[in-house]
Structure formats: C-alpha cells, structure tokens
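Subject: Handover of a protein structure

Dear colleague,

Please find below the structure that I am handing over to you. I would ask you to look through it first and then to read the notes that come after it.

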Amino acid sequence: MSSATPSRRAVLGVGLALGLGLTGCYRVSPLVGTGSQAGSSATPLPITAERRAGVATETSLAELARASGLAGIAAAHTIHATVLAQADPLAGRNADTTAVISPTAAPTSGNLIAAERAAGNHYRTVATAASDPAMGLLWASLSVFCSNVSTTGPAPRTGDVYPTALPTEPLPSAQQVLLSRLNALVTGLEWGIGQLASSDPLRSQGQQRLQEVNTERSALREELRAASASPTPLLPGYPMPATPSTSASTKDLWVGLELGVLAGWGRVVAASSGDRRSTAITAMSTPLAHAMALGSAVPGWPGWV
C-alpha cells in the first residue's frame, strides 16, 4: 500500500503517544494493554470457582467446535482455557502456561452456537461482578467472543494478544479515549463514503453507521459533561491509511476503526462496574459486529490489543 499524508504510522490519540497495530500497518492509540509483554498481577490471583468453571466451559466449547470441524474456534477456546487455568491469567504473552486448574470432562455433543451464547451470558454476569479491572475485562472479552463467534466467515484471530494486568483508571478518562475512537471512526466513515460510487451498497451501509456513531457520540459527550469533563473534540487530520479507492480498501479502513472503537469500549469496561459495566459489555458487540460484517475475523480476545 502507498502511504497517505500524514503517515499511517502516526498516532490517532489526543495527547497520548502509544501506538498499537490493528490492521496491517495502520495504528490507533491508546488501547487497552499491548498483550505483547508479561504484565503479571501485583498479587497472585486466587483460584476462584469462576475460573474453574471457565476452564471447564472453554474446554467443553473447544471440544464441541472440534467435533463440528471448526478448528479455528476450537483453537481460540483452547487458548482461553489455558489462560484461565494458568497461575496468573493476566501475565500476557510470555506467561507461564503451566496449568494450576485441571479441566473437568467435556461433552462432545450438542449445539455449538447455543452453547456459545449461553457461555456469553454467563461470562457477562461474572464480568459485571469482578472487582479487578483487568479480570473484569477478561471475562467481558470472553462474553463478547462467545456472543459473536460464528461458524461462517474467517476463523478467529488468535495468538497476537493476551490479557495483561491493568492500572485503575477513572471512568471519564476511559470515556475520553472511547470518544477519540468514535471521532476517528466518523472521520474514516466520511472519508470512505466520499470515495464510493453512489451505486455501491457499501456507501449506504456507511451512511447508516455514520448516523449511529454520531448518536453514540452525542450521548457520550453528555455523559462527560455531566461528569464535569470537557469532551474530546473532533480534530482535523486523523491519520488514516492510503485513501480508500475501492470497496475492499474502504472495508479495510472501516474494520480497523471499528476495532479501535471495540478496544475503547473495553477500556470503559475495565474502568466501570455494576450496571454501567454490563452496559459497556453490550456496547462492545456493536463495533465487533460491524467489523465482522465487513469481513473481519473475531479477535480471540475482543477488547484487548
């Protein structure tokens, strides 16, 4: 791909310097955790009943997927089970994966998607009750994965990121990051729409999504003002990949931006609790569903990058 001006390696965040890859060499920042380094928890995490149940559930889902001939989904669930079973599930990519929790026997029959959705609902409850921000996001990520994974389309993307320990962050700060992601998505949608032919069905799809995002931004700005915070403005010159000239390149652009919004919602999940966290978990599925509709694989750990 040829570079556009400004460089696509520039940072999308406002006053924040960390750039993390999403699609190809396109970067946005800041997102939740790199997943590239072992960021062990400050104190050992307990082996809870929720973790034991999670290992059993993920092992069962892996077996069901494997029996259905869906090796990619099985691999993702195996990774989930491995992380939950190890001593520190927040140790990142370089964790000691030695299991401290043994999985129970897993059934090998049943409806995979029904089992996935049931697991997603359960994980949401666990995530909502979690006291540690990173564990809250870990369970939320599992919930979003199970609530959206599909037996059609590309296999889940695994092996690139893993959950890590996170610092405590004020909710308004996380919401400002989310707003910057939504601002970038608006810019990318407008740019892509402007490059598409009026007869291209992707154009109307983008226009509808633009309306949704603008409504979402308005609500988020009101929340920030209610918290006595000044909403992050929509700034000119967000770095983007090369100008989209085809439907395929426009889809690539929008997928990267939608995944950026997904990670922004993940950050809100980690910074919130109770009903607000549950609402944020639901919101994570919206950009993921749009990214998948554009051809993206579901990430192995949605909301983490």
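The notes below describe what was found in this structure, beginning with the overall fold.

Please bear in mind that this is a predicted model. The protein has eight helices and two strands. Read from the N terminus, the order of the elements is β-β-α-α-α-α-α-α-α-α. Of the 305 residues in the protein, 51% are buried. Among the contacts with a separation of 6 or more, 78% are between residues 24 or more positions apart.

I turn next to empty space inside the protein. Rolling a probe the size of a water molecule over the atoms shows where such space is left. A search of the whole structure finds one cavity of 30 Å³ or more. The volume of the largest cavity is about 50 Å³. Which residues line the largest cavity? They are Leu189, Gln205, Gly206, Arg209, Trp254, Glu258, His290 and Leu294. Sorted by class, this lining consists of three nonpolar, three polar and two charged residues. Helices α6 (201–226) and α7 (247–271) each supply at least two residues of the lining. The largest share, three residues, comes from α6.

With 26 residues at 1.5 Å a residue, α6 should span 38 Å, and its end C-alpha atoms are 39 Å apart, so the two values agree. In an α-helix there are 3.6 residues a turn, so residues three or four places apart point the same way. The buried residues of α6 are Leu202, Gly206, Arg209, Leu210, Val213, Arg217, Leu220 and Leu224. These buried residues pack against α5 (171–195), α7 and α8 (274–293).

In sequence Gln211 and Val186 are 25 residues apart, while in space their C-alpha atoms are 9.2 Å apart.

Ser228 is found in the loop between α6 and α7. Most residues other than glycine have a negative phi. Ser228 has a positive phi of about 65°, although it is not a glycine. With a relative accessibility of 72%, Ser228 counts as exposed.

The next topic is aromatic rings. A pair of such rings is described by the distance of the centres and the angle of the planes. How many aromatic pairs are there in this structure? The count comes to one aromatic pair. It is formed by Tyr123 and Trp139, with 5.6 Å centre to centre and 35° between the planes, and this pair is tilted. Tyr123 is in helix α3 (residues 112–129) and Trp139 is in helix α4 (residues 133–148), so the pair links distant parts of the chain, 16 residues apart. Both Tyr123 and Trp139 are buried.

Two further residues, in other helices, complete these notes. Ala81 is found in helix α2 (residues 71–85). Its relative accessible area is 9%, so Ala81 is buried, given that buried means under 20%. Apart from its neighbours within four places in sequence, Ala81 is in contact with Val55, Glu58 and Thr59. Ala81 and Ile101 are 20 residues apart in sequence, and their C-alpha atoms are 9.5 Å apart in space.

Gly274 lies in helix α8. Gly274 has a relative accessible area of 28% and is therefore partly exposed. Along the chain Gly274 and Thr125 are 149 residues apart, yet their C-alpha atoms are separated by 9.6 Å.

Yours sincerely,
A colleague

Note on methods: Residues numbered from 1 in each chain as written. Predicted model: local features only at pLDDT ≥ 70, side-chain atom pairs only at ≥ 80, totals over all residues. Heavy atoms only, no water. 1 Å grid on protein atoms, 1.4 Å probe; cavity = no way out; pocket = protein on both sides within 12 Å on 5 of 7 lines; lining within 4 Å. Points joined across faces, edges and corners; volume = space filled by probe spheres on them. Helix = DSSP H or I, 4+ residues; strand = E, 2+ residues; numbered from the N terminus. Nonpolar A, V, L, I, M, F, W, Y, C, P; charged D, E, K, R; others polar. Phe/Tyr/Trp six-rings, centres within 6.5 Å; stacked < 30°, edge-to-face > 60°. Buried < 20%, exposed > 50% of the residue type's maximum accessible area, 1.4 Å probe, protein only. Expected span 1.5 Å × (residues − 1). Contact = heavy atoms within 4.5 Å.
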